[in-house]
Amino acid sequence: MATMAECRTALDRLSDTLASADGDVRGAAALNRSLSCRLTDLDITFTGRLENGRITVLGTHPGPPREKAEIRLAMTGDDLVALVDGGLGFAKAWASGRVKLEAGFRDLLKLRSLL
């Protein structure tokens with residue numbers, strides 16, 4: 001099972017990847033939205049912002065998100081690490097229910113290029 005530190009590192013690496021992306025991915029990552037990432041197996045939630053193509057983690061707390069973020073992710077820590085490492089494709093993980101993504105309709109349309 002991935003640790004909280006490994007998951008935080010994965011989020012930082014994901015932020016770096018988004019910041020260096022081009023084309024449609026860069027456009028999708030350019031949103032300015034609140035973000036939460038719930039790690040179900042660790043029972044923790046990272047909260048932060050997606051803005052200017054980067055993820056900024058602002059806090060971590062036990063349990064589910066305390067406030068409803070504009071973009072909400074939920075998965076296991078192992079799946080987060082595998083997604084960032086490239087061992088798990090987002091579209092397949094999302095379609096199978098391993099990763100849950102919730103956002104407004106317009107945001108989902110923009111984020112689809114990340115799939």
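Tutor: Leaving out residues up to four places away in sequence, Ala 2 touches Cys 7, Leu 42, Gly 77, Asp 78 and Val 81, where contact means heavy atoms within 4.5 Å. The model is predicted, so local features need pLDDT of at least 70 and side-chain atom pairs count only at pLDDT 80 or more, while totals for chains, interfaces and linings use all residues. Residues are numbered from 1 along each chain as its sequence is written, and side-chain values use heavy atoms, with hydrogens and water left out.

Ala 2 sits in the segment before helix 1; helices (H or I, at least four residues) and strands (E, at least two) are DSSP runs, numbered from the N terminus. Ala 2 counts as buried because its relative accessibility is 5%. Buried means under 20% relative accessible area, exposed means over 50%, and partly exposed lies in between (1.4 Å probe, protein chains only). Between Ala 2 and Gly 23 there are 31 Å from C-alpha to C-alpha, with a separation of 21 residues in sequence.

Two of the residues that Ala 2 touches, Gly 77 and Val 81, are among the buried residues of helix 3 (residues 77-85), which also include Asp 79, Leu 80 and Leu 83. These buried residues of helix 3 pack against helix 1 (4-19), strand 1, strand 4 (71-75) and helix 4 (90-96).

Strand 1 leads on to the paired strands. Strand 1 (residues 33-39) pairs with strand 2 (residues 44-51) in the antiparallel sense, over seven bridges; two strands pair if DSSP finds at least two bridges between them. Cys 37 has Phe 46 of strand 2 as its bridge partner. Strand 2 in turn runs antiparallel to strand 3, and eight bridges join them. Here the bridge partner of Thr 45 is His 61, in strand 3 (residues 54-62).

The two hairpins deserve attention. Most residues other than glycine have a negative phi. Asp 43, however, is not a glycine and has a positive phi of about 55 degrees. Asp 43 belongs to the hairpin of strand 1 and strand 2, with four residues between the strands, and is partly exposed because its relative accessible area is 38%. The hairpin of strand 2 and strand 3 has two residues between the strands. In that loop lies Asn 52, whose phi is also positive, near 55 degrees. Asn 52 counts as exposed because its relative accessibility is 65%.

Where is the space in the largest cavity found? Its lining consists of Leu 11, Leu 35, Ser 36, Cys 37, Phe 46, Thr 47, Gly 48, Ile 55, Thr 56 and Val 57. Strand 1, strand 2 and strand 3 are the elements that give two or more residues to this lining. On a 1 Å grid over the protein atoms alone, a cavity is a set of points where a 1.4 Å probe fits but cannot get out; a pocket is an open set with protein on both sides within 12 Å along at least five of seven lines; lining residues have an atom within 4 Å of a point. The largest cavity holds about 50 Å³; grid points are joined across faces, edges and corners, and a volume is the space filled by probe spheres set on the points. By class, its lining has six nonpolar, four polar and no charged residues. Ala, Val, Leu, Ile, Met, Phe, Trp, Tyr, Cys and Pro count as nonpolar, Asp, Glu, Lys and Arg as charged, and the others, Gly among them, as polar.

The second largest pocket has a volume of about 170 Å³. Its lining includes Ser 34, Thr 47, His 61 and Arg 66, and strand 1 gives the largest share, three residues. Four nonpolar, five polar and three charged residues make up this lining.

His 61 is buried because its relative accessible area is 9%, and a polar contact of 3.5 Å joins its side chain to that of Arg 66. A polar contact is a pair of N or O atoms within 3.5 Å; within protein, one must be able to donate a hydrogen and the other to accept it, and residues adjacent in sequence count only if both atoms are side-chain atoms. Ser 34, in strand 1, is buried because its relative accessible area is 18%. A polar atom of the Ser 34 side chain lies 2.8 Å from the backbone nitrogen of Glu 70.
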